[in-house]
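Good morning, colleagues. May I ask you to look at the chain on the screen while I speak about its backbone and its sheet.

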Amino acid sequence: MTSETTPDLAAALTAGTLVLDGGLSNQLETAGHDLGDALWSARLLAERPEAVTEAHLAYVTAGADVLITASYQATFEGFARRGIGRRRAAALIASSVDLARDAVRRARARGVVRPLWVAASAGPYGAMLADGSEYRGRYGLTAGELERFHRPRLEVLAAARPDVLALETVPDADEARALLRAVRGLGVPAWLSYTVAGPRTRAGQPLEEAFAPAAEADEVIAVGVNCCDPEDADAAVATAARVTGKPVVVYPNSGEAWDAGARAWSGRPSFHPDRVTRWRACGARLIGGCCRVGPETITEIARTLSDLQ
């Protein structure tokens, strides 16, 4: 639970701009862990939890104020395919929050005194499928079916008392609406973050329409984009701020392209910290990186924001 000395995250966003961490998988792979698996980093919740804590700690050391948990691909269905029962799966999902909290405690022991927050990641339905469909959306499910898929995991994450629920890498406005219904009454605020292609969601909806439901959702304290090309983030930040009037969250990929079939990255990085100044001017208040963005870039983002504030 948030400590007495740590301000409410929504209040902190009103007061200034915070640094998100980078790609957790990036740091885990750098440390030598093989994530070529349908559970991705969630597999380490069961097999190498210490590695998850160390990865979080690397981002705190780099300057991150907000840590995103290793629960993006942690679902009851995904664990069930590995023969892990529902009770054990719930414990593993909840442990993702505990591991991030442990990293905060270790950072405190090392002398870090600035406020730190934990965001519990909830990826889209397509992340559970592990077939790249989180970059397409349109799963052929009804809004009710999507809500019933998301709600149990969100209940477990909320019960672990993160500071915020990160509804992230959402490809489809229809799924976003299901997620917004699923977080009602959980008692934990949320941010909503789309993955986009140009001015549209990955499913093809205009961002003006996609962001609109978040404007009326009291649970949502920030809205924006992640896991996208840095260039696509530029216009999306301004659109999110204009449509919702809420603080914007932005954490794009490095700019390299993910080949879901080959399960490999290609191309060259295009994420440069000089974009941070523009994002902040357009309303971004949570800024970090997603896939292939490591601690070094987060340190540069932190330095840039420090100079601006």
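Predicted model: local features only at pLDDT ≥ 70, side-chain atom pairs only at ≥ 80, totals over all residues.

Helices (H or I, at least four residues) and strands (E, at least two) are DSSP runs, numbered from the N terminus. The phi of Arg292 is near 70°, a positive value in a residue other than glycine.

Residues are numbered from 1 along each chain as its sequence is written, and side-chain values use heavy atoms, with hydrogens and water left out.

Thr169 also has a positive phi, of about 55°, although it is not a glycine. Thr169 belongs to strand β4 (residues 164–170). Is Thr169 buried or exposed? It is buried, with a relative accessible area of 2%.

I turn now to the sheet. Eight strands form an open sheet with parallel pairing, in the order β1-β12-β9-β8-β5-β4-β3-β2; two strands count as paired if DSSP finds at least two bridges between them. At the edges are β1 (18–19) and β2 (66–68), each of which pairs on one side only. Strands of a sheet pair through backbone hydrogen bonds, either parallel or antiparallel.

Three bridges join β2 to strand β3 (residues 117–122), and the two run parallel. Val66 has Trp117 as its bridge partner in β3.

Next, which residues cover the two faces of strand β9 (residues 248–251)? Val248 and Val250 lie on one side, Val249 and Tyr251 on the other, and all are buried. On the β8 side, four bridges join strand β8 (residues 220–226) to β9 in parallel, and Val225 stands opposite Val250. From β8 the chain passes through helix α11 (residues 230–244) to β9, and this β-α-β crossover is right-handed: with the strands pointing away from the viewer, the path from the first strand over the helix to the second runs clockwise.

β9 also pairs with β12, in the parallel sense, over three bridges. There, Val249 has Leu286 of β12 as its bridge partner.

Notes
Buried < 20%, exposed > 50% of the residue type's maximum accessible area, 1.4 Å probe, protein only.
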